[in-house]
Amino acid sequence: PPPTMAHSSKSGASHSIPDEEKRSFADYVNQMLTGDDHVAHLLPVSAEGDDLFEKCSDGILLCKLINLAVADTIDLRVMNKAKKGQVGVFQKVENNNLVISSAKAIGCRGVYTGAQDIIEGVPHLVMGLLWQIIRLGLVSKIDLKHHPELWRLQNEGEDIGDLLKLAPEEILLRWVNFHLKNAGWDGRVSNFSGDIKDSRNYTVLLSQLDQRQCTRAPLEEADDAARAERMLEEAAKLECRKFVTAQDVLAGSPKLNLAFVANLFNTHPSLEQLTEEEVQEAAAAGLDDDLFSGEGSREARAFALWLNSLGIEPFVENLFADLKDGLVLLRALEKIGAEVDWKEEVNVPKRRPLNKFKMCENLVYAVKIAKEQLNFSLVSIAGDDIYEGKQKEILALVWQMMRHHVVSVLSGINKGGKKGVKDADIVKWANEVVAASGKRTSMKDFKDPSLRSGVFVLDLLAAIKPDVVDAELVTDGVSDENALLNAKYAISIARKLGCTIFCLPEDIVGVKHKMILTFVGSVMAYHQNEAKPSA
């Protein structure tokens, strides 16, 4: 087995850190960030000892990796920079709050790390977070939006909806098999471990991606280790000898081989553009620009991220496809205060997946709970609508869940809020806080057109935390460009304070009232928590 590094956590549990992953992540950091002035005091990162974990402790390196994964997620004007190679303790906490909130906001899975864990360099938690950020950066563009040519990867009997439901890892496996089939090769892959260990499938894939540069010569090697090395020499011709060593291929390291293949796809997809005939056929099947644009898809993204932030399984990749068995909805309803009778009312898969009838029973129960226990308005929304992936109905249900969660957090802080906090209460609070700070901005409600400038939300943040907003960086917000700068600045400041924010700058500039409510509600929860006397 490959060497590992054992670490014990505070709970006493032992966590092993594979040396090959540590080496690969350190290499990635050095390759991607060399020459970046913000991290000059940290590079190069060594794979030896605890250097990788220690170099992550000030949050700067992780902020930069998040922006590599999803550009402009973090407004770097908000990040606390190193002075003479040092970052203060409080500034480290702020940076790592920014890291954690931003990681959740871009869809990193299972971010259970706290700012202190990063500062202390807890190896398994830092490694987990690093992998999530690196993985997301590698797979974020492996989809139909960025590569409509992937439409060709549909299996017989599938429609566009089936393709949209696939996780990036599943699309990658199909992509590999598509090229293996076109190469006239019998081998196929169903994983990034056992199926690639002998390097044969990799060799054929590389030769298919670029027939001028890469050959199948490695297949002549009888020894697996020698074949793996020669295969990687072929990959080097494409400048893709990254993430894995020959030993990592032989060991079938799933994370590193996924990274290797994702990098191949990102740099050499080798998929011809759709022909005019295919474009028309794909459009008729539902693949067009409207599929990925507009408020609906942005809301769906935010709602899926919110569901994932609750720490429930399985991870929601596609809001309209991943709720159909009712289990995610029921787990989320329980998290936000509903009582779920798992023993008597819920169908849970045992040996076999649930059938449609059992799934719909779960969905009927979820809708019933939402109506009866949480008083949601779900007129004409039935379990079947969710099973069939009807977007309008799913967005309506999940929005009410998200809003209820924001409000219940605020009601819990207020203790006396049995009736729940209303939208008007949040607006009143925000206006009073801003007015008390001496500023003249205000809002009528969450649809107030003046919110588009971003000035009011920045005034609100400055009012609850003096010195957190640099007045010189605030624009008038009149032009779209200036409004977007303010919105980006406000979102990163809120995350730096520790608020979990799922709205995008475009949501503020577009005055999307639902997303602005969640933003202001999160800031209000932070402020009231800070105001509570410590026990």
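I located Pro 314 in the loop between α14 (295–309) and α15 (327–335); helices here are DSSP runs of H or I with at least four residues, strands are runs of E with at least two, and both are numbered from the N terminus. A cis peptide bond joins Glu 313 to Pro 314, with omega about -5 degrees. I noted another cis bond between Leu 43 and Pro 44, where omega is about -5 degrees; Pro 44 sits in the loop between α1 (19–33) and α2 (51–55).

I recorded that this is a predicted model, in which local features need pLDDT of at least 70 and side-chain atom pairs count only at pLDDT 80 or more, whereas totals for chains, interfaces and linings use all residues. Residues are numbered from 1 along each chain as its sequence is written, and side-chain values use heavy atoms, with hydrogens and water left out.

I checked the confidence next (pLDDT, the predictor's confidence in each residue, from 0 to 100). The protein chain averages 90, and 93% of the residues score at least 70. Strand β1 (residues 4–8) has the lowest confidence, at a mean of 53, and α9 the highest, at 98. Where pLDDT is low, the predicted coordinates should not be read in detail.

I then turned to phi. Most residues other than glycine have a negative phi. Ser 380, in the loop between α16 (356–372) and α17 (383–387), has a positive phi near 60 degrees. Val 511, in the loop between α22 (505–509) and α23 (513–531), also has a positive phi, of about 50 degrees. Is each of these residues buried or exposed? Ser 380 is exposed, with a relative accessible area of 66%, while Val 511 is buried, at 18%. (Buried means under 20% relative accessible area, exposed over 50%, partly exposed in between, with a 1.4 Å probe and protein chains only.)

I asked how many residues of helix α9 (residues 200–209) are buried. Nine of the ten are, so the helix is largely enclosed by the rest of the structure. The buried residues include Asn 201, Tyr 202 and Leu 209. Their cover, judged by contact (heavy atoms within 4.5 Å), includes α8 (168–182), α10 (224–237), α11 (246–251) and α12 (254–267).

I finished with Phe 519. Not counting residues up to four places away in sequence, Phe 519 touches Val 457, Leu 461, Ala 490, Ile 491, Ala 494, Ile 501 and Cys 503.
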